[in-house]
Amino acid sequence: MEWLTDPQVWLALVTLTALEIVLGIDNIIFISIQAGKLPVHQQEKARLLGLGLAMFIRIVLLFSLAWLMGLTAPLFSILNNEISGRDLILICGGLFLLWKSTMEIHEKLEGEEGHASAKGGISFASVIIQILMLDIVFSLDSIITALGMANRVGVMVAAVVVAVFFMMLFSGKISAFVDRHPTIKMLALSFLILIGVALIGDGFDMHIPKGYIYFAMAFSVIVEMLNLRMRRQGAPVKLHQPYVAEQSEGQDK
């Protein structure tokens, strides 16, 4: 139990927890959008179950490090690029995310109003299956990233549990906010397309630094927050151009 008094362990725990929360943002977005297709009384259950499955998968992966490391062994080559089991999972997950996000955008903008209810609606089981598929991809990417930051499995498990409970706490508010603002939902789906491209790139060893992706996401969210604030004020913001305005007025006179 000496590790409990080691400041390096606590620093690793805090760092990993923050990392898991950041890497879990895309997971929350996907879960919130999928859960939003269900009747209202099932949405919270789907969100919590989806995040619970994500936590379970990550813990299982942490206790299966030997198998996880075996996924990095090359299986075959494409254009002189070795493809491993991990690469296949990331590529398939990225393609699924691209396909799913594109279909969601098409459905929201071009689909027929109420066509889902006419077909009987989407089932709870199908939503959970889709969430589970993406949980596996996101969890694999998250755990492999975490392995390079800590040597103790217990610390990594604790970070996963704390991060998932934190996400459970705020998933409802995030989902409600996304549902209230259609432009935020379109932005979120665009983020998923961006993440899908990054996953495919990782699968082909063309690594896109996560910082670039999350900076782009954060910048887009800030711009959209400004747009939402402007719309609440009811009038567009006028830019000050005193010199040009005075000059034109003098010419008119």
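**Close-up 1. Helix α2 against helix α3 in a predicted model.** The axes of α2 (residues 25-35) and α3 (residues 40-62) come within 9 Å and cross at roughly 145°; axes here are lines fitted to C-alpha atoms over the stretch in contact, with angles from 0 to 180 degrees between N-to-C directions. Helices are DSSP runs of H or I with at least four residues, strands are E runs of at least two, and both are numbered from the N terminus. On the α2 side, N27, I28, I31, S32 and A35 meet Q43, A46, R47, G50, L51, A54 and R58 of α3, contact being heavy atoms within 4.5 Å.

**Close-up 2. Helix α2 against helix α9.** This pair packs at about 130°, axes 10 Å apart. From α2, D26, I29, F30 and I33 touch A188, L189, F191, L192 and I195 of α9.

**Close-up 3. Helix α9 and what follows.** With 22 residues (182-203), α9 spans 32 Å from first C-alpha to last, close to the expected 32 Å, which is 1.5 Å times one less than the number of residues. Just after α9, D205 has a positive phi of about 60°.

Close-up 4. Strands β1 (residues 74-78) and β2 (residues 81-84) pair antiparallel over four bridges; pairing takes at least two DSSP bridges. I78 has N81 as its bridge partner in β2. Two residues sit between the strands, and L79 there takes a positive phi near 55°.

**Notes.** Residues are numbered from 1 along each chain as its sequence is written, and side-chain values use heavy atoms, leaving out hydrogens and water. In this predicted model, local features need pLDDT of at least 70 and side-chain atom pairs count only at pLDDT 80 or more, while totals for chains, interfaces and linings use all residues.
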